[in-house]
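Colleague: I am new to this structure and would like to learn how to read it, one feature after another. Could we look at it together?

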Amino acid sequence: MKRRTQVAFSAVLALVAGYLVADAYDLTPGMLTTRATVPDPLPYPSVNTVVSNPMLPSFDAAAPIPSAGDIEEAIAELEADPRVTGVVSVEMSDALTGETIVSHNADQARTPASNMKLVTAAVALETLGPDTTLPTTTKLSGTTVYLVGGGDTLLAAAEGDSAAVKGRSGLGDLARDTSAALKERGVTSVTLAVDSSLFSGPLYHPDITGSDTGYIMEMRPIAVMQSRNEVGAYTRDADLSALQIFADALTQQGIEVTVSGRETAPDDADELAEVRSATVRELVDFALTDSDNTTADVLGHLVALERGKEGSFEGAAEATREALTELGYGLDSVVISDNSGLSPSNKLTTGLLLEIVDNVYRCDGCVLESIASGVPVSGLSGTLDDRYGGEDMGARIHAKTGTLTTAASLSGFLLTTDGRLLEFSVLIDQVEEGTVTQARRAIDDFMTSVARL
């Protein structure tokens with residue numbers, strides 16, 4: 001991407017004010033400013049809550065930049081760490097100046113795991129637009145009502161919640177409005193089908209088989225809370241489950257329903273009612289904070305459709321690569337396989353990831369704001385809530401995590417103890433199975449060492 005603008009971080013991060021009480025600091029996104037008094041810590045908001053009003057950060061530009069030699073020595077220690085059984089790439093730059101401090105194997109493409117979601121976030125925000133919402137509609141042809149999926153897999157079963165990301169719209173609301181539209185037409189008895197034709201191709205990426213399917217919902221364009229059961233496991237036939245829930249809701253509205261199954265709505269079917277999901281901006285935030293695989297791959301499928309390709313894993317990979325190329329990112333050696341990062345066939349460079357991170361930093365009111373507000377915060381939120389805890393490293397790292405059985409990654413922002421903001425990307429792959437947790441701990445120790453330089 002050629003645009004370079006000033007960073008805008010979400011106000012969500014201001015809510016961690018007072019976390020570093022020992023230093024009497026108040027956290028602004030990615031950096032600290034001294035204050036005379038420190039407020040009591042506030043609970044970190046749930047990703048189920050709408051957060052808005054991004055704020056511009058400020059920091060002490062006079063804070064020292066860690067020397068390249070010191071960081072290179074820390075990288076050498078990381079590579080020599082017996083917990084690291086794979087190969088390492090690291091790149092770090094100074095956020096303020098944009099100058100590269102160290103570049104270690106930055107052009108060698110490695111398996112990024114969920115760092116792939118940074119790529120997906122950038123492409124989805126640029127292609128779909130941050131304010132876009134996803135429709136779930138009902139259409140009528142003859143006496144058949146079609147429940148048409150538009151990509152919302154986080155539907156509520158009953159009423160929607162306008163303040164929520166998960167469950168922004170509800171099938172109960174859609175049933176109420178659909179019933180009213182039917183009764184206006186004098187229709188009180190219908191056949192009900194679900195139209196899942198928006199997505200095509202395999203329900204799971206070809207690399208995701210066996211127990212790995214437990215980490216993602218099958219790719220359907222409609223689901224109630226991602227079709228998870230009472231213990232949080234994904235269940236099959238998410239669209240048919242949504243259909244039955246909607247049928248029950250429609251029956252409660254006084255409509256006699258005969259459930260059919262999967263059918264594609266005719267082009268001339270009349271629209272009856274519609275509900276809309278949370279915005280793409282909010283969905284990106286959710287996908288990054290919780291590292292939600294389903295949302296990331298759904299966004300990839302939608303990017304493919306927006307770019308005139310099939311809504312499939314293959315179409316999403318092609319569209320993602322094309323979008324990155326058009327945005328000016330360097331893709332030498334890069335392989336795009338899926339959008340969640342579950343596929344080990346993905347190959348990214350720290351150079352590409354750091355370029356995205358730098359564009360996020362220099363964003364002022366642009367579509368990439370969601371990435372800054374969505375990445376987890378060390379010791380506080382998402383997949384970093386149990387890492388880097390305590391007064392020393394808590395809230396100093398704002399970054400996307402990534403873990404597969406053979407890869408560990410971390411890319412984002414690091415605030416040094418002296419107050420300098422660094423941009424970084426660390427990728428380790430070819431890790432021996434059973435040792436990735438150790439590799440992740442080694443990354444954490446490495447980042448802590450750099451922060452103290």
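Modeller: Let us begin with contact, which means heavy atoms within 4.5 Å. Among contacts in this chain between residues at least 6 apart in sequence, 69% join residues at least 24 apart. Please keep in mind that this is a predicted model, in which local features need pLDDT of at least 70 and side-chain atom pairs count only at pLDDT 80 or more, while totals for chains, interfaces and linings use all residues. Residues are numbered from 1 along each chain as its sequence is written, and side-chain values use heavy atoms, with hydrogens and water left out.

Colleague: How many helices and strands does the chain have, and how are they defined?

Modeller: Helices (H or I, at least four residues) and strands (E, at least two) are DSSP runs, numbered from the N terminus. Here the chain comes to 10 helices and 14 strands.

Colleague: In what order do the strands of the open sheet stand?

Modeller: Two strands pair if DSSP finds at least two bridges between them. In this model five strands form an open sheet in the order β4-β3-β14-β13-β12, with antiparallel pairing. Because β4 (100–104) and β12 (397–404) stand at the edges with a single partner strand each, one side of each has no neighbour in the sheet. Strand β3 (residues 87–94) is joined to β4 by four bridges, and Val-90 stands opposite His-104 in β4.

Colleague: Which helices lie on these strands, and how are their directions described?

Modeller: Axes are lines fitted to C-alpha atoms, for helices over the stretch in contact, and angles run from 0 to 180 degrees between N-to-C directions. Helix α8 (residues 350–361) lies across β3, β13 (407–415) and β14 (421–429), and runs at about 155° to β14. Helix α10 (residues 436–451) also packs on the sheet, where it touches β3, β12, β13 and β14 and makes an angle of about 20° with the direction of β13.

Colleague: What describes two packed helices?

Modeller: Two packed helices are described by the angle between their axes and the distance between the axes. Helix α2 (residues 116–128) and helix α5 (residues 280–289) pack at about 180°, with axes 10 Å apart. That makes α2 roughly antiparallel to α5, a label given to angles over 145 degrees, whereas those under 35 count as roughly parallel, 65 to 115 as roughly perpendicular and the rest as oblique. Among the residues that meet are Leu-118 and Leu-125 in α2 and Val-284 and Leu-288 in α5.

Colleague: Is Arg-110 buried or exposed?

Modeller: Buried means under 20% relative accessible area, exposed over 50%, and partly exposed in between (1.4 Å probe, protein chains only). Arg-110, in the loop between β4 and α2, has 5% relative accessibility and therefore counts as buried. A polar contact is a pair of N or O atoms within 3.5 Å; within protein, one must be able to donate a hydrogen and the other to accept it, and residues adjacent in sequence count only if both atoms are side-chain atoms. The side chain of Arg-110 makes such contacts with the side chains of Ser-89 at 2.7 Å and Gln-108 at 2.9 Å.

Colleague: Where is Asn-339, and what does it touch?

Modeller: Asn-339 has its place in the loop between α7 (313–326) and α8, and at 2% relative accessibility it counts as buried. Leaving aside neighbours within four places in sequence, Asn-339 is in contact with residues including Met-116, Asp-297 and Gly-300. The C-alpha atoms of Asn-339 and Gly-300 are separated by 5.7 Å, although these residues are 39 apart along the chain.
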